[in-house]
Amino acid sequence: MDFLNGKIKTLYFKYLAAAFGSALITSIYSIVDMAMVGQYHGPEGSAALAVVAPVWNIIYSFGLLMGIGGSVLFSTIRGRGDGQEKQSNEYFTASVIGSVALAAIIWLAVIFYDRELLLLFGAQDATLALAREYVAPIKFAIPLFLFNQMLAAYLRNDKNPALATGAVLAGGIFNVFGDYFFVFTCDMGAYGAGLATAIGSAITFVVMLSHFFMKKNTLRLVKPTHLLKKLREISVTGFSTFFIDVAMGILTILFNRQIMHYLGTNALAVYGVIVNISTFAQCCAYSVGQASQPIISTNFGAGKGERIRQVLKYALGTTAFFSILWTALSLAVPNMFIRIFMTPTPEVLQIAPGIMRCYGISFILLPLNIFSTYYFQALMKPKAAFVVSVARGFIVSGILIYLLPVVAGADSIWFAMPITELIVAIYVIYEMVKYTKQLKSERSSAV
């Protein structure tokens, strides 16, 4: 695959297929777990996994910080021409070192402070017991989830997106069947769902490692110069993608606490389902960004602005498709999703349609806003990506989550994200137009 001279349409859709498969299967880990646990334990099971959701967001986000941040720099350097392989691999090595350090910190935190973390994330009484039961086997595999995110980003940038997808697919397939086997056949409940997820992540990791034994592999561990400087560059470049997932965890915590304060367990169970639908919608947006980023970064390094605009055209068309799809499904069949993810009570079925239709409006702009962070990163505009991710994931959304119930009543909390996405989209469109126009004469500077 030739990023600099190949046909853009062919490159983009080949990468989109691989990235979409990878992102979709990744989301299945949490989606299938919630469906199985919700069917086994009822609404309390769904609520418990809603509490656990921030744990996943934090782990994945640090993998994306090292993976996306490093691989953007990796591809930009390689786009400048021959003789750049060692320098680009210094960023790969720095990403590996950073991932190991972060994984160790998160691992220790979850092992020794899981109860405190889950209470912080909104667990109460029965939901705390079920959440800890689910997390127990996952504790042993936490580093693998982070490494898998980091390696997947580099495999895509090293022109092997199919293996990244295949690895995630292998683990995801095991997780689907393992969930059913452990949860229902072995009657292990929430613990069984966590066990299947842990084993699935190990399978994914082993398959990804096979890339390093292939002839096409150009990733090498080398001695990096100025390691701390490179880690800082990786962190700055990847921060917006990192914060998108962290923000999803933060938002889940804020929503969990506010929902329990104003609306109760049934509403929290519905929100648990919304978290999973939102995960699917975000994964679709991730796939567009991950398909575009290697092509854009390499062409940005080579100063080929027209090819970047071609990628943008296909990416925007894809985000529009996903926007319409998820918004339409949320508005048309809300209780279908409820029945998929839990055995609902009549009370849950009564309140779910109104909640999901209000929140679902946000999906019309969510894919555009998330894709924009990948686009800005690939163009080495981390400030714009930072503004989008922080405004969307914490500042604007956080203010609205706390303000709306006070000003307009408890049920108005479900409009927090639609309003947030609209405000952020205005900024995104302005910045995207500005930076795309600059591509006519701009060429990337030295890292």
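K434 and E431 are joined by a salt bridge between their side chains, with N and O at 3.3 Å. The model is a predicted one. Both residues belong to helix α15, which covers residues 416-438. They stand three residues apart there, about one turn of the helix.

The two partners fall into separate classes of accessibility. E431 has a relative accessible area of 6%, which is under 20%, so E431 counts as buried. K434 has a relative accessible area of 31% and is partly exposed.

## Other salt bridges

How many salt bridges are found in the whole structure? The search finds eight. Among them is the bridge between the side chains of E90 and K86, with a distance of 3.1 Å from N to O. This pair lies in helix α3, residues 85-120. Because E90 and K86 are four residues apart in that helix, about one helical turn separates them. E90 is buried, at 7% relative accessible area, whereas K86 is partly exposed, at 49%. A network of salt bridges links K86 and E90 with K230.

Another bridge is formed by E306 and R309, whose closest N and O atoms are 3.1 Å apart. These residues are in helix α10, and they are three residues apart, so the separation is about one helical turn. E306 has a relative accessible area of 47% and is partly exposed. R309 is partly exposed as well, with a value of 24%.

## Lysines over aromatic rings

K230, a member of the salt-bridge network with K86 and E90, also lies over the face of an aromatic ring. The ring is that of Y91, and K230 is 5.2 Å from the ring centre.

K159 is placed over the face of F3. The distance from the ring centre is 5.3 Å in that case.

## Aromatic pairs

A pair of aromatic rings is described by two values, the distance of the centres and the angle of the planes. The structure holds 29 aromatic pairs. In one of them, F239 and F243, the ring centres are 5.6 Å apart and the planes meet at 20°. Planes under 30 degrees apart count as stacked, so this pair is stacked.

Where in the chain do F239 and F243 lie? Both are in helix α8, residues 227-262. They are four residues apart, about one turn of the helix. F239 is partly exposed, with 25% relative accessibility. F243, with 10%, is buried.

F280 and W326 are also stacked, because their ring centres are 5.7 Å apart and their planes are at 10°. This pair links distant parts of the chain, the two residues being 46 residues apart. F280 belongs to helix α9, residues 265-301, and W326 to helix α10, residues 305-332.

## An aromatic cluster

Notes: Residues numbered from 1 in each chain as written. Predicted model: local features only at pLDDT ≥ 70, side-chain atom pairs only at ≥ 80, totals over all residues. Heavy atoms only, no water. Phe/Tyr/Trp six-rings, centres within 6.5 Å; stacked < 30°, edge-to-face > 60°. Buried < 20%, exposed > 50% of the residue type's maximum accessible area, 1.4 Å probe, protein only. Lys NZ or Arg CZ within 6 Å of the ring centre and 35° of its normal. Salt bridge = Lys/Arg side-chain N within 4 Å of Asp/Glu carboxyl O.
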